[in-house]
Amino acid sequence: MRKTSAALATLSLAVLALTGCAAAPTFSGASCDRTASASGIDEAVTVEGEVGEEPQVEVFSPVHVKKTSFTDLAIGDGRAVVTGQQAMNLELSIYSGETGKQVFATGYDPKAAAPAMSIDDWAERSPGLGDVLKCVTAESRVLAALTPEDFGPANLEGLGLADDDTAIFVIDVVDAFLPKAEGALQFNDARGLPTVVRAADGTPGIIIPDTAAPEKQTVQTLIKGDGEPLTAEQTPLVNFTAIGWDDKQILQTTWGDKPSAQLRDIAAPVADALVGQPVGSQVMVVLPAAGEGSPAIAVVVDVLGVTAAPTQ
């Protein structure tokens, strides 16, 4: 348990005074119009096959675009991606616009899911994917053409493409994880325990009472999700905030960055407390103090889904 506190301190993203819960930007309204960016790319590339399976693609090369463009070949009815931090699983293939040849493809293996990554993750690797994936829904297939600048010079070189080539993407959004806990609010007797408030995007604010921390680990379900209960063998994808009881300082938070699949490595007792909790739940775990230098900690966790591969 004290290893837990040490890990939280060592891996902390910031030590900040709790001033509330600021919401991260979300996609909505006009910014979610995905119909105005095709620029005829669908006339230059044909794609056949089912979403999630490796596609049969023909590029009528050469294809060069002056502006990154995309179109939804299939619009899924799954969960929409509404923030840059929301995680999703993709399968994708990349082709040279100059030659039409495939230069990269993921495994398209449903038994070996790709790592859960967010729009922000993908945009770090290839800037143009930030716009291509914004507001996409799960079970969709997207055709995109990225300019050399939007694909990235290092990516062009790494895949053996010319520095003026256009990268053609066929992207299948296999799944999109929850952006925050979703379910039924639960009544708890919060006497002597923290109170949690939430911004519109789910970011929690944790209000520590002016009382001594519990002497035993305490677990409360704040929101009960309607997904499948977690098992001990599964790796949950979560957002969490950990705050010191005595100084009311944030030790670590994933909100505003990206969800984590490393909770068991960071705080094993908290991960254990999630077993049996349905996906979509928000759970508060209070870890008691264990001597000098190991104060009590309150951790609020949103269970966003189950991932087959670790997300750093």
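**Close-up views of a predicted model**

**Figure 1. Overview of the chain.** Eight helices and 17 strands make up the secondary structure of the chain; helices (H or I, at least four residues) and strands (E, at least two) are DSSP runs, numbered from the N terminus. This is a predicted model, in which local features need pLDDT of at least 70 and side-chain atom pairs count only at pLDDT 80 or more, while totals for chains, interfaces and linings use all residues. Residues are numbered from 1 along each chain as its sequence is written, and side-chain values use heavy atoms, with hydrogens and water left out. Of the 312 residues, 49% count as buried (buried is under 20% relative accessible area, exposed over 50%, partly exposed in between; 1.4 Å probe, protein chains only). The chain exposes about 14,700 Å², of which carbon and sulfur atoms supply 52% (Shrake-Rupley method, 1.4 Å probe; for residues, only the protein chains shown count as cover). Among contacts between residues at least 6 apart in sequence, 76% join residues at least 24 apart, a contact being heavy atoms within 4.5 Å.

**Figure 2. Surroundings of Thr 307.** Thr 307 lies in the segment after strand E17 (297–306). Its relative accessible area is 6%, so Thr 307 is buried. Leaving aside residues up to four places away in sequence, Thr 307 touches Ala 116, Phe 177, Thr 235, Leu 237 and Ala 261.

**Figure 3. Salt bridge between Arg 141 and Asp 172.** The structure holds five salt bridges (a side-chain nitrogen of Lys or Arg within 4 Å of a carboxyl oxygen of Asp or Glu). One of them joins Arg 141 to Asp 172, with the closest N and O atoms 2.6 Å apart. This pair links distant parts of the chain, 31 residues apart: Arg 141 is in strand E8 (residues 141–146) and Asp 172 in strand E9 (residues 167–176). Both partners are buried, Arg 141 with a relative accessible area of 3% and Asp 172 at 0%.

**Figure 4. Salt bridge between Lys 248 and Asp 210.** The N to O distance in this salt bridge is 3.6 Å. Lys 248 lies in the loop between strand E14 (236–244) and strand E15 (249–253), and Asp 210 in the loop between strand E12 (204–207) and strand E13 (218–225), so the pair ties together parts 38 residues apart in sequence. Lys 248 is partly exposed at 30% relative accessibility, whereas Asp 210 is exposed at 73%.

Figure 5. Arg 264 forms a salt bridge with Asp 272, the closest N and O atoms being 2.8 Å apart. Arg 264 is partly exposed, at 40%, and so is Asp 272, at 43%. Arg 264 also belongs to the lining of the largest cavity, together with Leu 230, Thr 231, Ala 232, Gln 234, Pro 236, Ala 271, Leu 274 and Val 275. On a 1 Å grid over the protein atoms alone, a cavity is a set of points where a 1.4 Å probe fits but cannot get out, and a pocket is an open set with protein on both sides within 12 Å along at least five of seven lines; lining residues have an atom within 4 Å of a point. The search of the whole structure finds one cavity of 30 Å³ or more. The volume of the largest cavity is about 50 Å³ (the space filled by probe spheres set on the points, which are joined across faces, edges and corners). Its lining divides into six nonpolar residues, two polar and one charged (Ala, Val, Leu, Ile, Met, Phe, Trp, Tyr, Cys and Pro count as nonpolar, Asp, Glu, Lys and Arg as charged, and the others, Gly among them, as polar).
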